Amino acid sequence: MALYSIRKARGCWRFTRALHKGAEAAPAPQKDAVKRVFSGIQPTGIPHLGNYLGAIESWVSEHTQLSWILTCMVRLPRLQHLHQWKAKTAKQKHDGTVGLLTYPVLQAADVLLYKSTHVPVGEDQVQHMELVQDLARGFNKKYGAFFPVPQAVLTSMRKVKSLRDPSAKMSKSDPDKLATVRITDSPDEIVRKFRKAVTDFTSEVTYDPARRGGVSNMVAIHSAVTGLPVEEVVRQSAGVDTARYKLVVADAVIEKFAPIKSEIERLKMDEGHLQKVLQAGSAKAKELAYPVCQEVKELVGFL
């Protein structure tokens with residue numbers, strides 16, 4: 001056991017050194033040029049409006065195994081440079097944990113484990129996708145073409161902002177309960193949150209994110225849930241003051257969520273079906289992930 005641990009540690013050291021050696025390998029092609037889109041979402045907490053408008057993963061042990069291997073390939077300053085690490089540790093008075101620091105590597109493992117070619121992301125995840133791409137290239141450089149270098153696909157609704165702080169994105173972990181609209185919120189809760197949404201003292205509805213972040217967030221949400229262009233939303237809102245407009249947006253969100261909430265309630269009544277779906281998803285993920293993880297272990301010398 002001790003010898004096995006030493007071999008693993010030596011392997012980790014080889015990974016780190018390997019990033020700066022060898023010729024650049026071409027990205028590994030998918031069989032028959034099949035494209036694979038990976039769309040993941042944080043598994044904890046209740047999905048919110050931003051999750052829905054962005055991109056709505058099964059968990060198997062291979063994720064954490066590949067994550068450990070990839071962690072050995074990335075330098076500490078690279079992770080500390082990521083914007084989300086700096087922003088979240090600043091809120092925590094620079095008391096961030098190792099788990100938070102290395103979470104982007106776990107995200108990279110999630111993507112690469114399925115040899116994904118495309119990943120839908122919001123603009124706040126672009127840096128993390130660059131890390132995924134660099135890790136894929138670094139692995140290929142050392143061990144030969146294996147991982148495709150996935151492309152980021154920016155969603156049209158790039159970032160839904162907090163209803164209480166238009167400079168920040170909407171987040172499930174926001175301590176201010178009025179800042180985030182959850183898919184499971186009741187109509188009354190949604191109305192209350194939009195009524196309390198931060199705008200400004202100008203009553204006219206316009207779209208100017210640089211100078212009117214709050215109102216522009218309302219317009220962007222309204223446009224996204226109705227499918228109307230921003231310009232058309234603004235045109236239709238002429239003569240409506242912002243107080244009334246916030247309720248208009250709330251009604252549009254309630255209408256958009258209604259069939260989703262109805263389906264959630266229906267599914268919650270059939271726990272057996274949900275268990276079968278989870279088991280089937282886990283089995284399918286395992287079927288795809290296990291052989292990739294085994295190949296990685298063979299390439300790096302663990303098997």
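Helices H9 and H11 cross in a left-handed sense, meaning that the near helix is turned anticlockwise from the far one by less than a right angle. The model is predicted, with local features requiring pLDDT of at least 70 and side-chain atom pairs pLDDT 80 or more, while totals for chains, interfaces and linings use all residues. Residues are numbered from 1 along each chain as its sequence is written, and side-chain values use heavy atoms, without hydrogens or water.

The axes of H9 (residues 213–226) and H11 (residues 242–268) come within 9 Å, at a crossing angle of roughly 30°; axes are fitted to C-alpha atoms over the stretch in contact, and angles run from 0 to 180 degrees between N-to-C directions. The two helices are therefore roughly parallel, a term for angles under 35 degrees. In their contact (heavy atoms within 4.5 Å), H9 contributes residues including Val215, Val219 and His222, and H11 residues including Tyr245, Val249 and Lys256.

Let me turn to the whole chain. It has twelve helices and two strands, taken as DSSP runs (H or I, at least four residues; E, at least two). Of its 303 residues, 40% count as buried, that is, under 20% relative accessible area with a 1.4 Å probe, protein chains only.

The largest nonpolar core has 36 residues; such a core is a set of buried Ala, Val, Leu, Ile, Met, Phe, Trp, Tyr and Cys residues joined through side-chain atoms within 4.5 Å. Helix H7 gives the most to this core, seven residues. A second, separate core of 22 residues includes Val215 and Val219, which also take part in the contact of H9 with H11.

Key: Angles under 35 degrees count as roughly parallel, over 145 as roughly antiparallel, 65 to 115 as roughly perpendicular and the rest as oblique. Buried means under 20% relative accessible area, exposed over 50%, partly exposed in between (1.4 Å probe, protein chains only).
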